[in-house]
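User: I am new to this structure and would like to go through its salt bridges. Please take them one at a time.

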Amino acid sequence: MSKESSRVCFCFRRILKLRLLEPPSDVKILFNKYSQNGNMALEDLLRFLIEVQGEDNATKEDAQAIFNSLKHLNIFQRRGLHLEAFFRYLMSDINGALSPSRGVAVLVHHDMNAPLAHYFMFTGHNTYWTGNKLRSHSSVQPIIDALRRGVRVIELDLWPNSKKDDVKVCHGGTIAAPVDLIKFLLAIKDNAFHASEYPVVITFEDHLTPNLQAKVAEMVSRTFGSMLYCPESDKMEEFPSPESLKNKVMISTRPPKEYLETETSKEKQTPNKSGKSSNSEQWQDEKGTFKSELETNDKDRLYEEEHIPDEDEEKAVPEYRNLIAIHGGKVKGPIENWLTIHSNKVRRLSLSEQELENPVRTLGNEIIRFTQRNLLRVYPKCLRLDSSNYNPFVGWTHGAQMVAFNMQGYGKHLWVMQGMFRANGGCGYVKKPDILLHDGPNKDVFCPYAQLHVRTILKVKVFMGEGWDLDFRHTHFDLYSPPDFLVKLTIAGVPADKAMRKTKVIEDDWLPECNEEFEFPLTVPEFAVLRIEEYDTSGQNDLGGQTSLPISELRTGIRAVPLHDRRGDKYKSVRLLMQFEFA
């Protein structure tokens, strides 16, 4: 047992004994049960995988792969595993918590041949922004980072430059310097399929005149070439599948409000001899007055305020309109009209988190039915100047495919978002539960607020953790002693399933051993995400690591759970040893 000293004051040092890493008692008991004379042979390990880890289809080849993964360690013995080698296997990436996996890689395993509307899509909001809305700037780096994390939907705000002869990307109403559009397009091209081969959607927030639309069309076509998906018709009856769109880039946009208002103002000056309402009326608000950008900070609502998509898009130049694979827009009138389902075409509807809050209570069924064929995008309200995020389950539980998040921030909601999209091999597309895709036997629709029966109980045991002494300075948590760690477990999902539990605090220990078990009743496990956080309680409740895991894809048994920092970057060494069971 080694020692660590910390200066308490000018005259004294506190001497602390450091525990050596050793397996928890449960692991020792299991090793003794599945080994012979302190040696676990290949057949013994296979029996352990099937009976304890719940890997019913495990083979001798799987057991041999584990043996092979340990050969580089001095503790490995050719004839089998002794206790220390078995413990190192349990703590390694090859024994991860998500399934199905091959080695350390988690595989894509959802059916990818359904229409896009049947999937949740990893979606960014203001993806080009480096931080908060007040002091940050536009950059290609956040786009690159997002794509390499598996984000599949990228948002770009397109504005004319000062000379009105080129296109820039920037956030309207801020002092941040704009960046040339071509730089973003090239960054997307180079990084689009680094993390996933499934399609990338670029959402344009378009503030352009027709001549600049034509320039964008030429720029996009030249940059992406054969990677660009251009539909044969602008009225698709059904969206194509992710499988059919592998390695393709799609454009999604809606008509630019600024240009349309200019056109409709001209039309308003011309008497309407037919007596029919003009397009200018379709761009008016309920009081009959035009809304200017100064009258609202919600840019997304600005661009989609009551218009007829078909008529407005006819005003876009043909070469630009032909690039649009996913058409956005709201129809005129109240939200009931926005949710109109057309049998001969599909589209995308965008709502702010505020616009969605009340309708999910009164029009929940209509929203879910709309998302069975059409796409719904939800985005953060404009008051989130700090680039924070909102509860994604409000959108997900009502079928919203594009729950758009500020990827440049951090916090519990973003951690849950990252956890949800660790499912299905981290490809950025997660198949929606069947309860959202089909009506019930009595034509009823799933209601996330209903009182449902408990379908399963998740049992979670936290054994221990390691790696903080390797990934952190010894004075990071406390100047005078090792950290006082606790583990916080939270279920995110439908309201009935939400829960939070904490382990006891383990004081003055870089290798905290908890050995505590918790139970979580679940009514809709398909939606549930387990959020895991480790905190030091000796000072400012510093985060020692976090991760979120989709419960529907948890592997049972004793598993290694690597932790990440607050931005979602994985630590090299920090991890927990946990056990998962379903009752």
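User: Which side chain meets Glu526 in a salt bridge?

Analyst: In this predicted model, Glu526 sits in the loop between β20 (513–522) and β21 (529–536). Its partner lies 71 residues apart from it, in the loop between α19 (434–437) and β17 (456–466). The N to O distance is 2.8 Å, and the partner is Arg455.

User: Is Arg455 buried or exposed?

Analyst: Exposed means over 50% relative accessible area. Arg455 has 51%, whereas Glu526, at 28%, is partly exposed. Arg455 therefore counts as exposed.

User: Which residue forms a salt bridge with Asp93?

Analyst: Asp93 is in the loop between α4 (83–90) and β3 (101–102). The partner is in strand β24 (residues 570–582), 477 residues apart from Asp93. The closest N and O atoms are 3.5 Å apart, and the partner is Lys570.

User: How many salt bridges are found in the whole structure?

Analyst: The pairs discussed above include Asp93 with Lys570 and Glu526 with Arg455. A search of the whole structure gives a total of 23.

Terms used
Residues numbered from 1 in each chain as written. Predicted model: local features only at pLDDT ≥ 70, side-chain atom pairs only at ≥ 80, totals over all residues. Heavy atoms only, no water. Salt bridge = Lys/Arg side-chain N within 4 Å of Asp/Glu carboxyl O. Helix = DSSP H or I, 4+ residues; strand = E, 2+ residues; numbered from the N terminus. Buried < 20%, exposed > 50% of the residue type's maximum accessible area, 1.4 Å probe, protein only.
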